[in-house]
Structure formats: C-alpha cells, structure tokens
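Dear colleague,

Please find below the structure that I am handing over to you. I would be grateful if you could read the notes after it alongside the coordinates.

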Amino acid sequence: MSAAFVKRIEVQELRLAYDSKEVLHGISFDVYRNEILAVIGPAQSGKSSMLRCLNRTTDFTASARMSGTVRVDGEDVRRTKDVFALRRKIGMVAPLPVGLPLTIYDNVAFAPRCSGLTRRAELDAIVERCLRQAALWDEVKDRLTSLGTALSGGQQQRLTIARALSHQPEILCLDEFSIAIDPVTTMRIEDVLKELRREMTILLVTNLTQQARRLSDRTMFLWDGEIVELDRSDVIFSGSPKSQRTRDYVSGVFG
Amino acid sequence: MALAPAPSTGRFARTSHVARKELAQAVAKGVFGAMAAAMVLPLLLIVGYLVWLAWPSLALEFVLDVPRRGMTDGGIWPAFVGTLYLVGLSLVVSTPIGVLAAVYLNEYARDNWFNRVVHLAVINLAGVPSIVHALFGLGAFVYAARFGYSILSAALTLAIMTLPVIIASTREALASVPMAFREACWNVGATRWQTIQAVVLPNSISGILTGVILQVSRAAGETAPVMFTGAVFFKVVERGDLFPYALKDQCMALSMHLYTLATQVPNVKESLPYATAVVLLGSVLLVNASAIALRVFLRGRKRW
C-alpha cells in the first residue's frame, strides 16, 4: 500500500434500522484506496445491509432508516445530488445470481447504455473485457445473444460480476460472490480480483474465512450490527486478534 | 434351530390405513374433477342451446344487414358496428390512463397515505355495479359535460367502468416481474424509468395486454351503462357501412339490441334474438381466444 492510505470510504456512526429493528448499531470504519477489505461475520450480522448503505440502495426499502455519515471520496452519500453516478462508481455484486431477462450481451451492456454510451465498438469492447474479468468469456463468447437467464447458477453469478464491472466502478463490493461457483472458477475470479485491486478498492463480504485470509489486506469482523474487530488480515488470522470472539470465529470454534 | 420366517406384514403390506388413504384419495380426485367438469358444462349447454335456436338466422348476411320490417326481421349491422365504436373508443381512453396509473402505483409510489387511498379507490371502483356507473355517466358526461346522449358519453362511461380493472390487472402483471431484476438494474445506476423500459415492461406486457383485452368482452356485454348514456332503440344505417356514426351521434349496441328484441318488439322472428346473442357471445369468445393466443405467443418468449 504505497499510495499512502487515501481514504475512499469513510463511515462514521452508521446506524440502519428497518422499522424499529436496528441492524447496524453505529459502526465506524474507513476503506483505503487499492485495498481489499474483507468483511466476515455470521448471518444477520448486518454485512449486506452495510453494503446497501454505501450505494444508497436502502432507498428502495421503504422501512429503512439510516443515520450517521457515509462518505465516498469525501462526498456524503445521503446528500449527493447524483445518486446514479454514486451507484455507477460502486460496483455491487449481490449474493444471489441475477441474470437479467436480456441477452448475455445486453446484460453487460445495460449499464454503459444507461449512462449514454451507444457506439457499438465501445460496447463490444466493454462486454468482452468484463466477461473476461468475470471468467465467463470463454464459455459464452459464441452465444452472446442467448438469454442471461438461461445460464446456470454459477454462470449467472459470474454474469452478475461482469455487470458490476461494466460501468467501470472505482469501488467493487462483492457480497458472497462465490457461493454458487465451483472452487476452480472461484480461484480464477480471485486472481482477477488481485489484478483489479491495482485500479480499484474492493470490499469483500464473505462467509468463507479462508477466502478472506487469501485475498484481503484487512478484515472486519462484524457481529450483530457491531464491529468486533478490524485489523490487518495477518493479525486477524494468524497473529493474535484482540478479541476472543474473533479468535474463536476465525479458528472455527464456532460460526 | 431354524430361524423363524420373517413376518409377512412388511413395509409394503396393505393395511386398513392404506386402504382408507387410497379411498380418500380417489374420492377427492373424483369430486374435484367433477367440479372442474361442471365449469365447462353450462358453457357448452348455453352455446349449444343458443346456436340451435339461432340456426335459421345464422349467416354472414345477418351480421351485415340492417334490421327490417320494424326490427322483426333482417340483420344487426347498426348494433354490431355501434358496439365496435363503443368498445374501441372506451379502450382508447381507459387503456393509456389505466396502464400508466398502474405503472406509477406499482413502480414509483411509496407506501404512504395518498397511495393507499388511491389503491382503496381503485379496488372499490372495481366493485361498483354497472347501473351505478350508468347513472354516473348520465350525470357527468351527458348533462354536466354536455356531451348529450352520444357515443362519446357512452364510451367514456364504459371507460370509467373498465379503468379500475385494467389498473388492477396491470399492477398484477407488473408485480409478477421479480424484484431482484429491478434491484440488479438499480445497483448499476439505472433510473427507475430505465429499469421499467428495459426489464419491467418487456416482461409484463403479455399480462398487461391480456388484462386489457379481457375488458373488451366486459365492455361489449354491458347494457345499462350504454342504455343510459348513448345507445338507442333504432338508428338508420346503410347496410355494411363501416363509418355510420359520428362521436356526438347516438348509436345502436348489440347488448341493448338483444334486450330490445327480447322484451320490447312484438312479433319478432323467433331466431332473431338468439342469433343476436350468438353474435355477441361469439365476438366475445373470439376476443378472449385472441387474448389467450397472444398470451401463449408472448409467454413463448418469456425470459426466465
């Protein structure tokens, strides 16, 4: 991390509640340029909700109430004038694979088109680049016009990743991207992620503690809407984490 | 010492419990099947009975000809074309309003008191009896808006009547598109409108169109709303004339013509009202069948 800890995301006292049920109890953390920050923690600990606060897709849940501040590149996401530009800046990969009911090509070209790109040659280049990065190109290059929804679960998951890369995000959030993908393909995507971190900042929510260990520079352990511990990954996994709960969780005593 | 043979009541033995279970299964299947068959029977009986009695009059000429000899003979062209006018015009008005309102309610509206009131109004409007719509149309369009007794008034009344059902069926079609598709679009920075264009409408259009087409048959069959607002007993029209009416004219309508023949005109040729009913029913069934065909065609292209 030579670029000296430039903060890309600053989160302060972030609280999120659905109706009266608070799921994030005032968490604060920063994400630095070009790092991979892994977020681990059991189900219902608020990992996915936290990601939704970053690109403000909490807007689409009527009962969601957010407080605290989230800044992306210094801009308060709750005050931003152009929420669509914010969402394009952040690539978001949801845990469940969603192939849009469009052709494979259109799935990937959708976001660039939404931001006004129409030239076929540019779109072609984007589609190929993203599908290659998502380790899907070789499997689908001969049938780009067939439906994205007709792909298998694992392929759709990779299509989702390709789509998240298609609007050239500067921050990439992956929410359990590998649950439907076989280990070999997962490794290929992990290699791509290692490449991408040179140009991007990556948030990796994962249930696989080994994946967090393999990929991340730092790891956050989230438990019931609070950060138990956030430290360098070598400290969390092989050194001695400060919290007994972290130690138990990553060593497989529970969770 | 020989081993005792295994008991014969093994896992697959027919116990009394098994027999009871199978009987219950057979009875349930029989009863439910009979109910399903009972749905078809009345339709076949009605159609068969009507066609049987209408047979002497049934010919293309019957549809194209005008009523003759004080409506006791001849055809139904003025009523047929009048119904086309009324239904066509009413859908031209109600379809865009209904579909766009439904898109707003389903895709844009937040869950607040205003939209709940709208939702409640739509549901209740759908339950208003047609005679009440007729009186509303009479007051609102014929008198208040000064459209007089006219095709315009009658079509607008039918439009008001079909509107809530179109809104309801369109919302249902929109809601059948999985939320995950919308979220995937929003996540890459698409606006709601871009999402609606690219994903929501293309995948709900078959349901939307089906809902609209089914309202054709409803509008064609209603008598009270048109009787109060613009349909008349008799109107002089050329045989086979496709454009006999102007907007502010009164017109004849199939449903009302059937009512008139059956109750108001003495010495009608016996097969005449039945043939009119067959034409009305036949057109409605034809329209419904085309709705089903369209649905099958569009579902063949369904994308998930």
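The notes below cover the chain contact, a helix pair and a sheet.

This is a predicted model, in which local features need pLDDT of at least 70 and side-chain atom pairs count only at pLDDT 80 or more, while totals for chains, interfaces and linings use all residues. Residues are numbered from 1 along each chain as its sequence is written, and chains are lettered from A and ligands numbered from 1 in the order in which they are written.

I begin with the two chains. In chain B, 18 residues are in contact with 23 residues of chain A (C-beta atoms, placed from the backbone, within 7 Å). Helix 7 (179-187) and helix 8 of chain B each supply at least two residues of the side that touches chain A; helices are DSSP runs of H or I with at least four residues, strands are runs of E with at least two, and both are numbered from the N terminus. Helix 7 of chain B gives the most to this side, with six residues. By class, the side of chain B that touches chain A has nine nonpolar, five polar and four charged residues (Ala, Val, Leu, Ile, Met, Phe, Trp, Tyr, Cys and Pro are nonpolar; Asp, Glu, Lys and Arg are charged; the others, Gly among them, are polar).

The buried residues of helix 7 of chain B include F181(B), R182(B) and W186(B) (buried: 20 or more other C-beta atoms within 10 Å of the residue's own, with C-beta atoms placed from the backbone). The buried residues of this helix pack against helix 2 (83-89) and strand 6 of chain A, together with helix 8 of chain B. Just after helix 7 of chain B, G189(B) takes a positive phi of about 90°.

Within chain B, the axes of helix 3 (residues 77-108) and helix 8 (residues 192-200) come within 12 Å and cross at roughly 110° (axes are lines fitted to C-alpha atoms, for helices over the stretch in contact; angles run from 0 to 180 degrees between N-to-C directions). The contact is made by V103(B), E107(B) and Y108(B) of helix 3 and R192(B), I196(B) and V200(B) of helix 8. These residues divide into four nonpolar, no polar and two charged.

In chain A, six strands form an open, mixed sheet in the order 6-7-8-3-9-10 (strands pair if DSSP finds at least two bridges between them). Strand 6 (90-93) and strand 10 (226-232) of chain A each have a single partner strand, so one side of each is left without a neighbour in the sheet.

With kind regards

Conventions
Two residues are in contact if their C-beta atoms, placed from the backbone, lie within 7 Å. A residue is buried if 20 or more other C-beta atoms lie within 10 Å of its own, exposed if 12 or fewer, and partly exposed in between; C-beta atoms are placed from the backbone.
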